[in-house]
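Trainee: I would like to learn how to read a structure step by step. May we work through one together?

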Amino acid sequence: MNENLTLEATASQWGMSVRSLTRLFQAKLHITFIQYVKMLRIIRAMELIKGTSLNMTEIAYEIGYSSISAFSNNFHQLTNMRPTEFKSMAGV
């Protein structure tokens, strides 16, 4: 998850054009590639928050964010809570 995943590289890896992969994401998942990557990263962050003793900065870097504020903002966008709120709710 801490790799820099790009639409172009992913499309190339799967032998597809960028346009075809974009259409596939929209048709099957009804979200963009970027939204999908953000969602995967936040799900992984939730697993790390619940299952490790890593602090929020370490988790942010582990899942591919170089900024704790960007991580926190994206987490909030997708879950309607901050990572620290999730941690206290999860009882960790």
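This is a predicted model: local features need pLDDT of at least 70, side-chain atom pairs count only at pLDDT 80 or more; totals for chains, interfaces and linings use all residues.

Trainee: Does His30 count as buried or exposed?

Mentor: Exposed means over 50% relative accessible area. The relative accessibility of His30 is 61%, so His30 counts as exposed.

Trainee: What is the phi of His30?

Mentor: His30 is a residue other than glycine, and its phi has a positive value. The phi of His30 is near 60°.

Trainee: Which loop holds Asn80, and what is the phi of Asn80?

Mentor: Asn80 lies in the loop between α5 and α6 (83-89). With 62% relative accessibility, Asn80 counts as exposed. Asn80 is also a residue other than glycine with a positive phi, and the value is near 65°.

Trainee: How many helices and how many strands are there in the chain?

Mentor: From the N terminus on, the elements run α-α-α-α-α-α. The count is therefore six helices and zero strands.

Trainee: What box do the C-alpha atoms of the chain fill, and what percentage of the residues count as buried?

Mentor: Taken along the principal axes, the box is roughly 45 × 20 × 20 Å. A residue counts as buried under 20% relative accessible area. Of the 92 residues of the chain, the buried part is 28%.

Trainee: How do the axes of α3 and α5 lie to each other, parallel or perpendicular?

Mentor: Two packed helices are described by the angle between their axes and the distance between the axes. The axes of helix α3 (residues 33-51) and helix α5 (residues 68-79) come within 10 Å and cross at roughly 100°. Angles of 65 to 115 degrees count as roughly perpendicular. The helices α3 and α5 are therefore roughly perpendicular.

Trainee: Which residues of α5 meet α3?

Mentor: On the α3 side, the residues are Lys38, Met39, Ile42, Ala45, Met46 and Ile49. They meet these residues in α5: Phe71, Asn74, Phe75, Gln77, Leu78 and Thr79.

Trainee: Does Asn74 count as buried or exposed, and which residues does Asn74 touch, not counting residues up to four places away in sequence?

Mentor: Asn74 has its place in helix α5. Its relative accessibility is 12%, and Asn74 therefore counts as buried. Not counting residues up to four places away in sequence, Asn74 touches Lys38, Ile42 and Tyr65.

Trainee: Where is Ile63 found, and what is its relative accessible area?

Mentor: Ile63 is found in the loop between α4 (56-62) and α5. Ile63 is buried, and its relative accessible area is 0%.

Trainee: What is the relative accessible area of Ile43, and how far apart in space are Ile43 and Tyr65?

Mentor: Ile43 is found in helix α3. Ile43 is partly exposed, with a relative accessible area of 42%. In sequence, Ile43 and Tyr65 are 22 residues apart, and C-alpha to C-alpha the separation in space is 14 Å.

Key:
Residues are numbered from 1 along each chain as its sequence is written. Side-chain values use heavy atoms; hydrogens and water are left out. Helices (H or I, at least four residues) and strands (E, at least two) are DSSP runs, numbered from the N terminus. Buried means under 20% relative accessible area, exposed over 50%, partly exposed in between (1.4 Å probe, protein chains only). Axes are lines fitted to C-alpha atoms, for helices over the stretch in contact, and angles run from 0 to 180 degrees between N-to-C directions. Angles under 35 degrees count as roughly parallel, over 145 as roughly antiparallel, 65 to 115 as roughly perpendicular and the rest as oblique. Contact means heavy atoms within 4.5 Å.
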